[in-house]
Amino acid sequence: MSYPQENQYAVAGWNKGPSKPKTQAEMQRAKAAGQVVTEKKFGNANSASGPANARKLDEEDGDFRHQKIDTNFKKALMQARQAKGWNQKQLAQQIGQAQAVVQQYEAGKAIPNGAIIQKLNRALGVTLPKIPKVKKAKE
């Protein structure tokens, strides 16, 4: 058998192409030769400018902590529940909430809204102390 054209395919190698410049001098030479294109990106360590609202964010001095529940409310809720002889699960069933919710109210980790406070008042037969609202500062 003979093949009419033996070298019809070119041999391909695994050449990756030019390597990345390793030193600052090599980088400068590659930039001058047009082999490397640099692009200025936003937010890098050498950037002097920041986002458009950076100054406004820096000037913000508000207190961003969560509102804490008053100890009077926590104690009153716990005492009223214990006076009825209920555990947290029974109180939660009376107001239609999960037991974890009542536990969080008594621990001060969650703040009940007005509707839940009313349910607690009706179920326990007491008037729980009001939770003071945090007023936002006017600009």
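Modeller: Glutamate 106 counts as buried because its relative accessibility is 7%, where buried means under 20% relative accessible area, with a 1.4 Å probe and protein chains only. This is a predicted model, in which local features need pLDDT of at least 70 and side-chain atom pairs count only at pLDDT 80 or more, while totals for chains, interfaces and linings use all residues. Residues are numbered from 1 along each chain as its sequence is written, and side-chain values use heavy atoms, with hydrogens and water left out.

Biologist: Which side chain does glutamate 106 make a polar contact with?
Modeller: The side chain of arginine 81, at 2.6 Å; a polar contact is a pair of N or O atoms within 3.5 Å, of which, within protein, one must be able to donate a hydrogen and the other to accept it, and residues adjacent in sequence count only if both atoms are side-chain atoms.

Biologist: And what else is glutamate 106 in contact with, leaving aside neighbours within four places in sequence?
Modeller: Besides Arg81, the list holds Lys74, Leu77, Met78 and Gln88, with contact meaning heavy atoms within 4.5 Å.

Biologist: Where does glutamate 106 sit, in terms of helices?
Modeller: Glutamate 106 is in helix H5, residues 99–107, and the chain has six helices and zero strands; these are DSSP runs, numbered from the N terminus, with helices (H or I) of at least four residues and strands (E) of at least two.

Biologist: Switching to the whole chain, how much of it is buried?
Modeller: Of its 139 residues, 21% count as buried.

Biologist: And how far apart in sequence are the contacts?
Modeller: Among contacts between residues at least 6 apart, 55% join residues at least 24 apart.

Methods: Buried means under 20% relative accessible area, exposed over 50%, partly exposed in between (1.4 Å probe, protein chains only).
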